[in-house]
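User: Please take a close look at the annotated active site in this model. I would like to know where its residues sit and what surrounds them.

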Amino acid sequence: MAEIHLIGRAASPGLAIGPVTMLTAAVAKRTASDDPAQEAAALRAAIEGARAEIAEQIKTIQGEVADILEFQVAMLEDDALADPAYGVISEGIAADHAWRLALDVEIAGYRAAKDEYFRARAADIVDIRDRVLAHLSGVDTVPRITGGSIVAADDITPSAFLAADWSHGGAIALAAGSPSSHVAMLARARGAPMVVGLGPLSWNGQPPALALVDGDAGTVIFDPEPETRRLFEQRMAVANAAQAAADAGRLESARTAGGRRIAVLLNIAAPEDLAGLDPAICDGIGLVRTEFLFEASQGLPDEDAQYAVYRRILDWAEGRPVTIRTLDAGGDKPIAGLTIDDERNPFLGLRGIRLSLARPEVFRVQLRALCRAAVHGALKVMLPMIAVPSELDRASALLDAEFTALRAEGIACARPPLGIMVEVPAAALRAEAFGAAFYSIGSNDLTQYTMAAARDIGAVADLNDTGNPAVLALISQTVEAGRKRGVEVSLCGDAAADTRLTTALLATGLTILSVSPIAVARLKAAIAKVRS
Amino acid sequence: MHDAHASRSGETPVPLTASAVLVNKVGLHARPSVKLTQCAKGFSARIELALAADGPWTDAKSPVKVMRVKAPQGATLHFRVTGPDSKAALAAVLALVHDGFGEA
């Protein structure tokens with residue numbers, strides 16, 4: 001059987017390998033009585049039982065985990081949660097069925113929330129629902145997870161997580177889920193790698209026996225080939241050794257053994273990624289992806305909504321530089337009503353800056369919001385998928401026009417420096433010819449376009465290597481162009497977080513690397529080992 | 001950033017109202033909701049909250065109902081308080097919101 005590569009979102013860092021445990025919802029049987037009063041009493045007792053059980057658990061733990069459980073206790077103590085269930089019971093419905101109906105309405109309400117934090121609470125309500133159902137039936141429905149296994153499921157409840165022993169490894173691979181869920185918080189606290197949003201986990205025939213979870217890159221490989229597994233295990237050995245040393249130095253600024261200061265910036269996909277993070281861990285934000293603003297189902301975001309989000313990120317950074325990338329839709333990131341459906345080869349199609357220039361009415365709104373946000377911090381704006389200088393020039397003219405218009409209207413604004421993402425080989429080869437305020441190397445696309453190999457196609461994935469001399473040569477060339485023109489060059493692709501490449505990347509002359517928040521500590525430790 | 005105006009007239013108790021902006025990072029989320037409802041339950045006054053000055057009003061003593069409001073960061077929370085200790089109750093919930101529920 002061929003190995004299966006799935007790409008999701010990283011929710012808790014680290015690498016893990018282990019046997020796969022598929023979690024499926026357990027259904028407990030229960031004999032209901034015909035008497036609504038008895039059913040109501042049974043539900044009341046089950047809720048109290050669940051509440052007492054959690055209260056007992058809280059006594060043995062503290063901190064974040066206790067907060068999560070206290071929330072469940074508060075919800076269970078509130079009659080408003082069960083009121084709809086009691087109403088249905090009085091009409092002759094069995095207690096377990098009534099409770100499930102009532103809680104499923106509540107869960108659906110959270111799943112429909114606009115805010116990811118509220119959506120992530122659905123797993124908590126599922127947990128509350130299942131705990132009470134377990135007490136009603138007298139059967140333990142919390143799924144048991146064997147220590148050291150890779151849990152594959154649609155989603156997982158805090159109870160199921162807490163019931164497992166994570167001290168001997170193990171990881172979580174979810175079809176749905178969220179990095180903002182309580183389970184993700186728990187997984188980060190316990191050091192269990194977790195990847196969410198993998199999409200439907202469906203198998204032809206046999207479910208997988210073994211899985212590799214990369215909680216740094218947000219990928220999972222089911223039933224790996226022996227060679228894939230061997231390479232992964234090598235990476236794990238190196239990562240484990242580095243981890244202990246790394247954690248100590250997260251707040252320190254990065255410096256190589258040779259004394260070179262390297263700026264470490266953050267890549268974020270949404271302001272939620274910054275929650276709970278101390279800005280002191282980084283030298284700024286090197287990449288804010290803005291696609292999330294456009295993914296909601298309620299149409300394209302207006303100027304005020306965008307401004308509020310950009311400003312929130314700048315406020316967080318407390319004066320540190322923040323680079324926001326304009327909409328990079330198309331390719332593997334379709335957006336309803338904006339990108340072209342069924343392009344024959346979307347990676348070579350109307351994506352990134354090409355799409356923005358083709359839809360100036362959408363682009364202008366984003367540029368206006370960015371000019372308004374620019375007064376609140378050190379904002380830089382970056383254009384994705386630039387291939388020729390005229391694209392930068394046209395975008396620059398649009399930015400000037402919006403800035404001038406805002407000023408004429410008396411609205412507080414500033415014109416942020418405009419730089420380009422270097423991810424098309426044509427831009428890397430001719431970087432000097434672009435009048436950009438800075439270059440930021442997008443190593444994922446630069447690698448795939450240079451090597452003509454996609455990283456999610458298993459058969460050619462080994463060709464998709466940023467460490468290939470051809471790709472490194474293009475990076476060197478871009479760094480050299482930046483040096484000649486006196487502008488900054490950074491690298492913000494996944495390669496920045498791949499510590500096997502740190503020495504090679506810094507050898508090109510790069511002094512700025514941008515990675516996801518969870519990779520900061522490890523990268524700083526890797527930089528400290530580089531001799532030059 | 002709040003405007004509190006108290007008024008008393010005749011027999012019918014006129015509610016005290018005030019508003020405050022949610023400044024903590026995650027809005028009126030799990031932990032903040034629990035804190036708010038615990039604080040509200042310490043008073044005998046009837047305490048309600050809403051996202052708009054004209055409601056719909058939600059019982060601030062019910063975590064289930066407060067969570068249903070799904071108030072995000074930056075939202076303005078309006079409070080309406082009626083009862084004997086309404087002044088103290090309003091001051092307490094406002095202080096909690098201004099303080100970002102101790103986690104801003």
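Analyst: Under "active site", the unreviewed UniProt entry lists A:His182 and A:Cys492. UniProt positions are given here in the numbering of this model, with feature names shortened, and such annotations may be inferred rather than shown by experiment. The model is predicted: local features need pLDDT of at least 70, side-chain atom pairs count only at pLDDT 80 or more, and totals for chains, interfaces and linings use all residues. Residues are numbered from 1 along each chain as its sequence is written, while chains are lettered from A and ligands numbered from 1 in the order in which they are written.

A:His182 belongs to helix α8, residues 182-190 of chain A. Helices (H or I, at least four residues) and strands (E, at least two) are DSSP runs, numbered from the N terminus. A:His182 counts as buried because 25 C-beta neighbours lie inside 10 Å. A residue is buried if 20 or more other C-beta atoms lie within 10 Å of its own, exposed if 12 or fewer, and partly exposed in between, with C-beta atoms placed from the backbone. Leaving aside neighbours within four places in sequence, A:His182 is in contact with A:Ile68, A:Ala123, A:Asp124 and A:Pro158; contact requires C-beta atoms, placed from the backbone, to lie within 7 Å.

A:Cys492 lies in the loop between β16 (488-491) and α18 (502-507) of chain A. A:Cys492 is buried, since 27 other C-beta atoms are within 10 Å. Residues up to four places away in sequence not counted, A:Cys492 touches A:Asn267, A:Gly286, A:Leu287, A:Ser440, A:Gly442 and A:Ser514.

A further annotation in the unreviewed UniProt entry, "binding site", covers A:Glu423 and A:Asp445. These two are spread over 23 residues of sequence but cluster in space, with a largest C-alpha distance of 5.3 Å. A:Glu423 is in the loop between β14 (418-422) and α15 (425-429) of chain A, and A:Asp445 is in helix α16, residues 443-451 of chain A. A:Glu423 is buried, having 27 other C-beta atoms within 10 Å; A:Asp445 is buried too, with 22. Apart from neighbours within four places in sequence, A:Glu423 contacts A:Met385, A:Gly442, A:Asp445 and A:Leu446. A:Gly442 therefore links the two annotations: A:Cys492 touches A:Gly442, and A:Glu423 is in contact with A:Gly442 as well.
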